Amino acid sequence: MFRNPEDEILSFPNNTINYSHSSSGRMTIKEYSDSYAGMIGFEYGAGRVIIATDQGMFRSLDLLLGDEKIPVTIHDPECENAALFVNCVRWLTKMQ
């Protein structure tokens, strides 16, 4: 999604590419942007809103590769998804 710089929580790298299906069914480049974000947050009325483009960011999910179970979301000790979740809730409840 596009973002206003002041709303950015998780930005995508500059020159992020947005792909789209063409009429032939192939994926084609639709546009490039330096202004895409995976998560934005802003004040709205008397409250606050956070919009995330990754529906699984805060779920508990393991990737199974053969016999190996690899944590890839909120419970992955190498990621900061859990801290991001706590910080989002704190910001939404105006504790920060």
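This dialogue discusses how to read several features of a predicted protein model.

Student: Which elements does the protein have, and in what order do they run?

Tutor: Helices (H or I, at least four residues) and strands (E, at least two) are DSSP runs, numbered from the N terminus. Here there are seven strands and one helix. From the N terminus on, the order is β-β-β-β-β-β-β-α.

Student: What does the radius of gyration show for this protein?

Tutor: The radius of gyration is taken over C-alpha atoms, and the globule rule is 2.2 Å times the number of residues to the power 0.38. For 96 residues, a compact globule would have a value near 12 Å, but this protein has 17 Å. Along the principal axes, its C-alpha atoms fill a box of roughly 50 × 40 × 20 Å.

Student: How many of the residues are buried?

Tutor: A residue is buried under 20% relative accessible area, exposed over 50%, and partly exposed in between (1.4 Å probe, protein chains only). In this protein, buried residues make up 19% of the 96.

Student: Is Tyr36 buried or exposed?

Tutor: Tyr36 counts as buried because its relative accessibility is 8%. Tyr36 is found in the loop between strand S3 (27–33) and strand S4 (37–44). Between Tyr36 and Asn15 there are 8.9 Å in space, C-alpha to C-alpha, and the two are 21 residues apart in sequence.

Student: What is the phi of Asn15, and where is this residue placed?

Tutor: Most residues other than glycine have a negative phi. Asn15 has a phi near 65°, a positive value in a residue other than glycine. Asn15 is placed in the loop between S1 and strand S2 (16–21), and it counts as exposed because its relative accessibility is 51%.

Student: Which residues does Asp7 touch?

Tutor: Contact means heavy atoms within 4.5 Å. Not counting residues up to four places away in sequence, Asp7 touches Met39, Ile40, Gly41 and Phe42. Asp7 lies in the segment before strand S1 (8–11) and, at 13% relative accessibility, counts as buried.

Student: Where is Ser60, and what does it touch?

Tutor: Ser60 sits in the loop between strand S5 (47–52) and strand S6 (62–65). With residues up to four places away in sequence not counted, Ser60 touches Thr73, Ile74 and His75. Ser60 counts as exposed because its relative accessibility is 58%. The C-alpha atoms of Ser60 and Gly41 are separated by 23 Å, and these residues are 19 apart along the chain.

Student: Which side chains meet in a salt bridge?

Tutor: Side chains of opposite charge can pair when their charged atoms come close. A salt bridge is a side-chain nitrogen of Lys or Arg within 4 Å of a carboxyl oxygen of Asp or Glu. By this rule the protein has one salt bridge, in which the side chains of Glu43 and Arg48 meet at 3.5 Å, N to O. Glu43 counts as exposed at 53% relative accessibility, whereas Arg48 counts as buried at 19%.

Note on methods: Residues numbered from 1 in each chain as written. Predicted model: local features only at pLDDT ≥ 70, side-chain atom pairs only at ≥ 80, totals over all residues. Heavy atoms only, no water.
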